[in-house]
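Subject: A structure for you to explore

Hello,

Here is the structure I promised to send you. Have a look around it first, then read on for what turned up.

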Amino acid sequence: MSVRHERSRPVDRRVRVQGRPVDTYPALPTEAERGSVRRVTVVGEEVLSRPCREVTEFGTPELSALIDDMFLTMYVADGAGLAANQVGVDLRLFVYDCPDDQGIRHVGHLINPVLDLPEPGSRRLVDDVEGCLSVPGAAMAVPRTDHAVARGFDKDGNPLVIEGQGHFARCLQHETDHLMGHTYLDRLAKRDRKEALRQMADRREDVFAQRAVKAAGLGH
């Protein structure tokens with residue numbers, strides 16, 4: 001188990017929304033209920049390979065609508081996180097709905113994130129299988145640190161600090177990578193990258209078909 005906690009304290013298993021525990025939360029986030037499905041970009045498209053622009057205007061209807069659309073798009077694609085450039089928008093923003101290694105659900109969005117990772121001497125790397133909605137159908141083992149802190153802002157410009165352990169820490173690192181213009185393929189050896197692209201070529205049409213069925217089932 002890669003999650004660190006004090007054994008003497010019971011674990012608070014409530015859903016964390018924007019880093020804070022809440023007593024109740026719907027299976028489908030309220031943002032997704034308001035959103036529309038957008039096309040997910042695929043590795044090789046230029047918007048995925050360059051750093052995204054900082055968000056400078058907060059509290060706008062356009063920003064709220066983008067977040068809503070990203071939540072629904074992520075849900076339709078069975079994702080745990082989605083960066084704005086994955087829907088073709090060149091902004092430093094991602095959304096997430098991801099469990100940690102204890103099964104605690106984390107939901108929210110983060111704008112202009114800055115990632116804090118443990119110092120190399122105290123860093124614990126974990127190899128685990130990772131996929132990406134922009135590399136449809138592929139999954140490869142990627143080493144990531146099992147703890148991460150992401151600092152940024154919500155859509156209204158309020159500061160946020162989101163801490164992740166285990167699988168959720170992996171999600172924070174994966175999505176922040178996207179905003180820097182990188183996919184997890186960039187962290188693979190050449191041979192493994194080639195294998196991931198082969199998997200994508202074999203499976204992408206099936207993945208697209210599954211997304212279409214799910215979108216249709218939601219009336220989108």
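Which residues does valine 95 touch, not counting residues up to four places away in sequence? Please keep in mind that this is a predicted model. Valine 95 touches Ile67, Met70, Phe71, Met74, Gly81, Leu82, Gly108 and His109.

Val95 also belongs to the largest nonpolar core, which has 26 residues. Along with Leu66, Met70, Phe71, Leu82 and Leu93, Val95 is among those with the most contacts inside this core. At least two core residues come from each of β1 (15-17), α2 (61-76), β4 and β5 (105-116). The element that gives the most is α2, with eight residues. Another core, of 13 residues, lies apart from it, and among its members are Cys52, Phe94, Tyr96 and Leu179. In soluble globular proteins, nonpolar side chains tend to be buried together.

Now for the rings. The structure holds three aromatic pairs. One of them joins tyrosine 96 and phenylalanine 168, with 5.2 Å centre to centre and 45° between the planes, so this pair is tilted. Tyrosine 96 sits in strand β4 (residues 93-99) and phenylalanine 168 in helix α3 (residues 166-179), so the pair ties together parts that are 72 residues apart in sequence. Both tyrosine 96 and phenylalanine 168 are buried. Ring pairs also link Phe94, Tyr96 and Phe168 into a cluster.

One last thing to find on screen: lysine 214 lies over the face of tyrosine 75, at 4.0 Å from the ring centre.

Enjoy exploring!

Best wishes

Note on methods:
Residues numbered from 1 in each chain as written. Predicted model: local features only at pLDDT ≥ 70, side-chain atom pairs only at ≥ 80, totals over all residues. Heavy atoms only, no water. Phe/Tyr/Trp six-rings, centres within 6.5 Å; stacked < 30°, edge-to-face > 60°. Helix = DSSP H or I, 4+ residues; strand = E, 2+ residues; numbered from the N terminus. Buried < 20%, exposed > 50% of the residue type's maximum accessible area, 1.4 Å probe, protein only. Lys NZ or Arg CZ within 6 Å of the ring centre and 35° of its normal. Core = buried A, V, L, I, M, F, W, Y, C linked by side-chain atoms within 4.5 Å. Contact = heavy atoms within 4.5 Å.
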